[in-house]
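Could you walk me through this model in my viewer, one selection at a time?

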Amino acid sequence: MKPQGSVFTAGMQHALQTIRRQPKAFASGRLQRVVGLKLEATGCKLQTGQRCLIETRGRQQLEAEVVGFDRGKVFLMPLERATGLAPGDRVIPLAEDCLISVGDGLLGRVIDGAGKPLDGKGVLNCSERISLHGETINPMNRQPVVESLDTGIRAINSLLSVGKGQRLGLFAGSGVGKSVLLGMMTRYTSATVVVVGLVGERGREVREFIDHSLGEEGMQRSVVIAAPADESPVMRLRASMLCHRIAEYFRDRGENVLLLMDSLTRYAQAQREIALSVGEPPATKGYPPSVFSLIPQLVERAGNGSSGSGSITAFYTVLSEGDDQQDPIADASRAILDGHFVLNRSLAESGHYPAIDIEASISRVMPQVVDSNHLSMAQRFRRSWALYQSNRDLLALGAYRKGSDPTLDEAIRMKPAMEQLLQQGMHERSEWQQSYDQLRAIWS
Ligand SMILES: Nc1ncnc2c1ncn2[C@@H]1O[C@H](COP(=O)(O)OP(=O)(O)O)[C@@H](O)[C@H]1O
Ligand SMILES: [Mg+2]
C-alpha cells in the first residue's frame, strides 16, 4: 500500500490543514443559566479547560472556558465581559488547543491575556504558533542554579545575589516602590529578554508602568502581557500562563529571560473567584484549596531549562502589609520560592529607596552563585546593619558611650557607607562588578 502522505497534493494538504483547524463537529450545547460569572450549558460534552464559543442572538461570538461540571451541566466562564446572553444561546465547543503567536515580533509589544496587541502598533509580526500549555520539565533534567544574574540593583547584586533560574517573591504593600524597582530591573538587568506580566492591577497602573517605569529603553527587549483588574478572572489566569509560556519560548531558544509578574496575589484571587463561583468551598481565609495547588504549578514553569537551553529568573510580587504573616498567599509563596525580598514601608517613608529590608530578605541561592569572599562580606554587612538597627534608639538618645562595644563602633562608622550601598536612584544603574566593588570598599 502506498503511504498515505503521497496521495495528497500540496494544495490538498493545505485544504486538509484548514479543515483540521476548524472547530470539530462536536455536538453543540445550549446555554441554560447565568449566575454571576458562571454560565451553565447542557447538551454538549466538554472537558475541563476546553474552550468554546457562545453564539448570542446578536450573532456575536463570545469565547468561554470550561471550569467545571455537575453531571450533565457544564460550567463555563467567559473571557470577555458577558453581555447580551440569553437562554438557549448556542455553545460551540472548539477542538483546538489554545495556540499563541511567538517570535521576535513580540519584543517591544504590549498584549492582552489572549495574545492580542493592546498598543495600537498593528498585528504581531510572529510566524510561529505554539500551544499555551507547555510541557513540564523533568526536575532531574533541569540545570541547577549556579550562575549569578546582574539585576542592575546594587543592594541585590551585592547582598541578595540572584542566580539565573531563581524564583523570588517581592513582598510589599502598595506604594512602597514595587513598580519602580521592577522597572529599574527591566532597564538595567543583564538578562537578554524581559517578560512582564501585569495581572489584576488597576488599568491606570499598566499605562504608568509602561510609560514611566519601563520607558523606551526597557521596552525594546521586553514583552508586556497585561490583564488588569477589570478583565474576567479567566483572562487574568490566562495572562499569567501566557507570560510564563512566552518566557519558556525564549528560554528554549537559549535566552536568559527575566520574568516579572505583578502580582501573584492577584493571580491567586482570580483563581479564587472562579473556584468559589463553581462551588468549591473556601478553606484558608476565603481561599479554596485549588488556589494552593495552582500557585506551585505556575511557579514551577519558571527556572532553568534542560541543558542547552537558557534560563527564566522570575520575580513574583506578593501583596503583604507590614508584618502580616497571616496572609495565606504570602505564606504559600514563601514556602515554594527560592527567596523573598521584603519592601518596608517605614524605609520608603523615610526616603530610603529601594526600600529593601535587608534583615527580612533572603536569597536562598546566594551561596551557590557567589564566591566565599563575597558571601562573607555580605554576611559581615548584614551583621553590622542589624546591630546598628537594634541599637538605633539607644544611639538616638545619646545613651551609648563610644568604645564600650567595638563591633557597634564599627557599625556606627560603617553606617553612611552601608546606607550609600543600599540606596539607589531610580535612574541609576549599578552593574555587578560595580556593586561588588562598592561592597568591598566599605571596609577599606
Ligand atoms: N528608587 C527610588 N528613588 C526615588 N523614589 C522612589 C524610588 N522607588 C520608588 N520611589 C517613590 O515611591 C513611589 C511609589 O512607587 P511605586 O513603585 O509606584 O509603588 P508600588 O508599585 O509599590 O505601589 C514613586 O512614585 C516614587 O516617588
Ligand atoms: Mg505599582
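A disulfide here is a pair of cysteine sulfur atoms within 2.5 Å. With that cut-off in hand, welcome to the tour of this predicted model.

Start by selecting the cysteines. How many disulfides does a search of the whole structure find? The search comes back with zero.

To see why, click on cysteine 52 and look for the cysteine sulfur closest to its own. That sulfur belongs to cysteine 44 and lies 6.8 Å away, so the two are too far apart for a bond. Is cysteine 52 buried or exposed? Its relative accessibility is 0%, so cysteine 52 counts as buried.

Next, move to cysteine 98, which takes part in no disulfide either. For cysteine 98, the nearest cysteine sulfur is that of cysteine 52, at 12 Å. Cysteine 98 has 10% relative accessibility and therefore also counts as buried.

Now select ligand 1 and show its surroundings. Around it you will find the run Ser174, Gly175, Val176, Gly177, Lys178, Ser179 and Val180, together with Tyr353, Gln424 and Met426. Colour this shell by residue class and you will see four nonpolar residues, five polar ones and one charged.

Zoom in on the backbone beside the ligand.

- glycine 177, at 3.1 Å
- lysine 178, at 2.9 Å
- valine 180, at 2.8 Å

Methods:
Residues numbered from 1 in each chain as written. Chains lettered and ligands numbered in written order. Predicted model: local features only at pLDDT ≥ 70, side-chain atom pairs only at ≥ 80, totals over all residues. Heavy atoms only, no water. Buried < 20%, exposed > 50% of the residue type's maximum accessible area, 1.4 Å probe, protein only. Near = heavy atom within 4 Å. Polar contact = N/O pair within 3.5 Å; in protein donor to acceptor, adjacent residues only side chain to side chain. Nonpolar A, V, L, I, M, F, W, Y, C, P; charged D, E, K, R; others polar.
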